[in-house]
Amino acid sequence: AAVPSQVVPGADPSARQLCFAWGPAEVLVCETLFGRRSESPSRGEGGPGRALLPGTLIAYVAGTGEGGPSSSRLFVVRKDQDIYIQTLRKLFNESHGIFIGLQRSEEELAGKSRKAQLVQVSKNYRSVIRACMEDMHQAAILTRDPALHSQYSTQVSILSAMELIWNLCEILFVEAAAAGPLLLRLLDWVRLHVCDVDNIVHEVLSSENPSKHELFWNVVDVFVLQGRMDEARHLLSKEASANPTSVNMYKILDDLMKKMPVPSLGNTQTLTEMELKWQHWHEECQRYLQDGTFASNSHMESICKILLGDEDAILEKKDLMTTWYHFLVTRLLYSHPTVKPMELRMDLFLGGESSPEPLDTILMAAFEFEMHQVIKECSIALSNWWFVAHLTDLLDHCKLLQSHNLYFGSNMREFLLLEYASGLFSHHSLWQLGVDYFDHCPEYGRVYLELHIERIPLNTEQKALKVLRICEQRQMHEQVRSICKIMAMKALRNNRLGSALSWSIRAKDAAFATLISDRFLKDYCESGCFSDLDLIDNLGPSMLLSDRLTFLGKYREFHRLYGEKRFSEAAKLLLMLMTAHIAPCSFWMTLLTDALPLLEQKEVIFSAEQTYELMRCLEDLTAGKSDKQKFQDDDVEIMKVEMLRLALARNLARVIVKEGTLEGS
Amino acid sequence: AMEDVCARFVSQKISKTRWRPLPAAALQPPDLFATGSWDNEDNRISIWSVGDLGNVGLHGEYQGEPQLLCDIRHNGDVMDMQFLDQERIVVASSTGTVTVFRHHQKNQTLSANQRWEKAHYHVDQDTSCGGAACTGVICNNPEIVTVGEDGRINLFRADQKDAVRTIDNADSSTLHAVTFLRTTEILTVNSIGQLKIWDFRQQRNEPSQIFSLTGDRVPLHCVDRHPNQQHIVATGGQNGMLSIWDIRQGTMPVALLNAHEAEMWEVHFHPSNPDHLFTCSEDGSLWHWDTSTDVSEKPSFLHQGGRSTTYFSHNTINQSVVSAWLSNDPTKDRMEITNLIPNQTLSVNSLDILGPCLVYGTDAEAIYVNRQLFA
């Protein structure tokens with residue numbers, strides 16, 4: 001499995017028993033007191049057996065301060081360190097756009113145009129890496145802090161290696177250039193990335209008289225080794241004009257270089273044609289070398305040998321190539337120009353004499369077409385998931401990875417995207433990018449998103465709204481409920497009943513709406529007036545969310561009608577609240593008390609039938625109470641009931657008279 | 001055209017972008033803008049230059065990305081931001097604090113000039129926590145009005161330590177945005193779909209008028225007033241809907257226009273050509289609404305020799321007594337709507353327009369400047 005071994009600096013299991021707690025993107029490592037020896041002699045392990053991979057892990061010692069030897073320490077171990085590098089945020093954000101574009105891109109596009117599209121995507125990714133590298137380079141130059149400088153410089157070299165690998169993968173896998181054009185692409189790749197000799201070239205070319213410069217022939221060699229024939233010939237022509245005696249020799253070499261067959265990018269010539277031409281040219285070079293044409297000038301003789309693909313002659317220029325992959329490409333150019341991608345491996349090990357660095361291993365794996373090996377090695381060597389996640393996704397879109405399934409469910413593409421997106425979610429600000437990555441993981445993306453999104457701290461309503469929008473768009477009802485509930489609880493704690501109610505209405509959380517309605521009603525009972533009228537008067541259809549909320553809305557309506565002196569409507573509503581059992585029983589006494597002023601009005605408001613109903617309500621209320629409760633009722637309560645009975649009786653009397661009069665007339 | 005847009009990734013999510021206002025008689029397009037960030041451990045107010053005129057090519061095309069002139073740390077998310085004058089910027093924080101920053105143009109630095117700690121708060125202003133996010137700020141030099149999640153409205157005067165007027169519990173819901181209607185009146189929008197007018201001349205702590213969306217109580221997130229016809233007000237809602245209100249009549253919007261698929265975060269009438277309106281949204285789009293009735297009557301917007309630019313002529317505004325915005329069905333024949341961002345994915349949190357220039361900022365940590373909006 002592609003899991004790098006990781007060392008947490010400072011955590012020593014030989015001295016302390018450690019315990020672990022696994023989070024979605026972080027691991028807590030904690031020193032415990034369990035099984036501690038009184039003395040813990042160092043067992044002298046000879047230092048860390050394995051060097052910490054550059055930046056694979058970052059560990060923070062939290063909480064304990066200076067402590068002492070006896071205090072326990074807590075380490076927070078993050079999986080993806082690079083997520084926290086400020087200058088890389090540009091990489092994450094810009095590549096996010098490219099990633100989304102790729103997922104949305106037309107799969108239906110046929111062969112060639114689809115390939116062109118994928119190559120363009122690959123180039124876009126690379127240009128983002130390069131732009132980031134440029135920024136980092138500038139930052140390294142501008143900073144005065146040596147620690148920062150070295151940190152930036154390290155990042156520049158990591159980014160540069162990433163771009164080198166990506167570019168090679170683009171040539172070999174994404175573009176999968178055919179024989180011929182493949183070599184041209186590889187030459188471009190070498191020119192772009194082997195920059196060590198650029199300084200010499202610049203120095204010689206900008207000198208007053210290049211042909212007299214001591215490094216003149218080195219530069220000619222560099223051009224030849226990189227297949228830059230026109231530039232080599234241009235330089236040679238300067239030297240030729242300075243040496244009239246050997247002008248003929250220069251002319252022959254120039255002619256050979258001019259005639260060298262170059263694979264064409266278009267399909268204008270077949271491979272056989274090219275091979276025939278090559279054979280012919282090769283024989284011509286061979287002839288000149290054997291008849292000693294260049295014997296008097298060792299520089300030119302060695303160039304001629306290089307043209308012939310002489311391995312020793314090429315190896316002699318090792319210092320000018322600096323890397324084995326330059327050597328590999330040069331050798332291919334002069335000994336095997338029509339190489340097919342699959343044949344590359346035969347020539348590989350000739351150059352691989354240096355001890356392999358991770359970068360070498362990765363490039364070798366690429367040259368061997370071991371795509372999975374490339375991804376695995378990159379996962380180990382690089383301090384981020386960005387690279388492997390995006391590269392694997394691109395290769396997957398090229399339909400190159402389909403056969404490969406991991407033994408634990410999802411495929412490699414998804415596995416790496418999940419890792420990367422989890423890293424984004426551990427960041428206080430980049431979490432928003434992670435959402436889209438999870439969206440494009442068909443198997444586990446949803447579950448990951450659900451787990452991560454609930455852990456986003458919601459410090460403002462605006463942020464909550466953004467998180468809520470993400471959940472609502474994906475029908476994540478459980479998370480929507482939980483976010484609204486958190487916000488409603490917060491609002492409630494802050495005594496913002498209106499906001500709290502809004503949040504529970506949004507979550508369609510009936511229980512919470514009931515709770516808040518009760519708070520409103522309690523406040524009313526205590527203070528005698530409603531707070532937040534602007535909200536309660538405006539409930540609209542959301543009033544139906546919970547019975548209590550309905551009651552609150554209707555009860556407030558009663559007060560409004562009463563305030564507007566629309567007494568009979570108010571009376572009807574009040575009675576309905578009880579008879580239709582909208583009002584909770586605990587509130588009936590309050591409602592009946594509210595009826596008192598209506599009963600005392602000069603004009604009769606309650607009809608006989610309504611009065612009977614009111615009486616029944618009152619009797620139900622008092623009858624429902626046990627004797628014990630009755631005993632506990634205070635005098636005020638008893639007096640209230642008595643007053644109500646009196647008022648009801650009086651009203652009944654008045655209404656009988658009135659209704660009798662009406663009937664009689 | 002999109003190719004006139006310059007982008008810059010700034011490694012912080014941008015919550016606000018604002019052009020520095022131009023001096024009264026200026027003929028040059030704006031050249032400086034401010035941004036604020038959110039959701040960072042270390043949020044910042046930054047001043048950017050769109051590049052000097054030397055960068056403008058022969059044909060008036062603009063090259064190069066915005067350049068950072070200076071920045072300063074800001075405690076909390078930047079929730080809103082307004083220029084008070086050419087030099088001072090008022091910033092609303094998620095901590096409830098309102099800060100006035102001064103931009104010193106001589107040495108390109110920013111400094112905190114004045115601060116009202118916890119202008120917005122829950123329960124108790126003096127406790128260590130308890131700040132409530134200040135969600136909106138509007139300036140009419142020297143007056144500054146702020147609103148917040150605490151439902152409070154504050155009226156400050158620059159250079160005056162205490163609030164001139166505070167309306168506690170002005171709204172039982174969260175106030176999302178505020179703008180001036182007239183010098184003594186303000187408009188607020190809240191999270192239950194209400195638009196309210198407050199008159200500071202009245203001593204009552206009640207709104208003088210309440211308008212509301214019917215039915216769904218869709219929260220309103222932004223509000224802007226027509227620069228010439230003060231009775232025309234535009235608001236943007238949680239469902240991305242654009243509402244046009246005529247505050248002289250009725251209590252409901254005159255028009256509801258479908259636009260974005262998620263929260264509309266800002267709405268702005270073009271300050272000098274209000275037939276144009278701009279909105280941006282959580283869904284990552286930025287719409288240009290154009291109600292200029294006839295193509296031939298389109299206001300002149302000429303480039304003279306590529307360097308200086310004349311602004312919209314004002315005659316079109318006086319001509320149209322009945323604004324295009326209030327016609328019965330604005331969608332029918334008069335409105336041209338363009339999405340200015342075709343492939344955006346993350347939220348466009350803020351935009352600002354001045355003259356021919358548009359600036360906007362996104363959650364994808366990028367700022368964009370378009371200097372030839374009407375080209």
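**Entry 1. A hairpin in chain B**

I began with β29(B), where the bridge partner of Leu354(B) is Cys357(B). The model is predicted, so I kept its limits in view: local features need pLDDT of at least 70, side-chain atom pairs count only at pLDDT 80 or more, and totals for chains, interfaces and linings use all residues. Residues are numbered from 1 along each chain as its sequence is written, chains are lettered from A and ligands numbered from 1 in the order in which they are written, and side-chain values use heavy atoms, with hydrogens and water left out.

I took helices and strands as DSSP runs (H or I with at least four residues for helices, E with at least two for strands), numbered from the N terminus. Two strands count as paired if DSSP finds at least two bridges between them. Strand β28 (residues 348-354) of chain B is joined to β29 (residues 357-362) by 6 bridges, and the two run antiparallel. The hairpin has 2 residues between the strands, and Gly355(B) takes a positive phi near 55° there.

I then checked burial, with buried meaning under 20% relative accessible area, exposed over 50%, and partly exposed in between (1.4 Å probe, protein chains only). In β28(B), 7 of the 7 residues are buried, so the strand is largely enclosed by the rest of the structure.

**Entry 2. A salt bridge between the chains**

I used this rule for a salt bridge: a side-chain nitrogen of Lys or Arg within 4 Å of a carboxyl oxygen of Asp or Glu. The count comes to 53 salt bridges over all chains. I looked up one of them, in which the side chains of Lys466(A) and Asp363(B) meet at 2.7 Å, N to O. Lys466(A) lies in helix α20 (residues 461-473) of chain A and Asp363(B) in the loop between β29 and β30 (366-370) of chain B, so this pair joins two chains. I found both Lys466(A) and Asp363(B) buried.

**Entry 3. A four-stranded sheet in chain B**

I listed an open sheet of 4 strands in chain B, in the order β14-β15-β16-β17 and with antiparallel pairing. Which strands stand at the edges? They are β14 (175-180) and β17 (209-212); each has a single partner strand, so one side of each is left without a neighbour in the sheet. Neighbouring strands are turned by 20° against each other on average, direction ignored; for such angles, axes are lines fitted to C-alpha atoms, for helices over the stretch in contact, and angles run from 0 to 180 degrees between N-to-C directions.

Within this sheet I followed β15 (residues 185-190) and β16 (residues 194-199) of chain B, which pair in the antiparallel sense over 5 bridges. Glu185(B) stands opposite Asp199(B) in β16(B).

I also noted a salt bridge of Lys196(B) with Asp171(B), at 3.0 Å from N to O. This pair links distant parts of the chain, since Lys196(B) is in strand β16 and Asp171(B) in the loop between β13 (165-167) and β14 of chain B, 25 residues apart. Lys196(B) is buried, with a relative accessible area of 1%, and Asp171(B) is buried at 0%.

**Entry 4. Ile232(B)**

I located Ile232(B) in strand β19 (residues 232-237) of chain B. Ile232(B) is buried, with a relative accessible area of 0%. From Ile232(B) to Asp246(B) I read 14 residues in sequence and 5.0 Å in space, C-alpha to C-alpha.

**Entry 5. Helices of chain A**

I turned to α6 (residues 216-225) of chain A, where 9 of the 10 residues are buried, so the helix is largely enclosed by the rest of the structure. Among the buried residues are Phe216(A), Trp217(A), Asp221(A) and Phe223(A). Just after α6(A), Gly227(A) takes a positive phi of about 70°.

Lys554(A) is partly exposed, with a relative accessible area of 24%, and Glu557(A) is partly exposed at 23%.

**Entry 6. Domains of chain A**

I noted the division of chain A into domain 1 (1-32 + 70-79), domain 2 (189-339), domain 3 (458-553) and domain 4 (565-625 + 634-664). These bounds come from an automatic or database domain assignment. The centres of domain 2 and domain 3 of chain A are separated by 78 Å, taken over C-alpha atoms.
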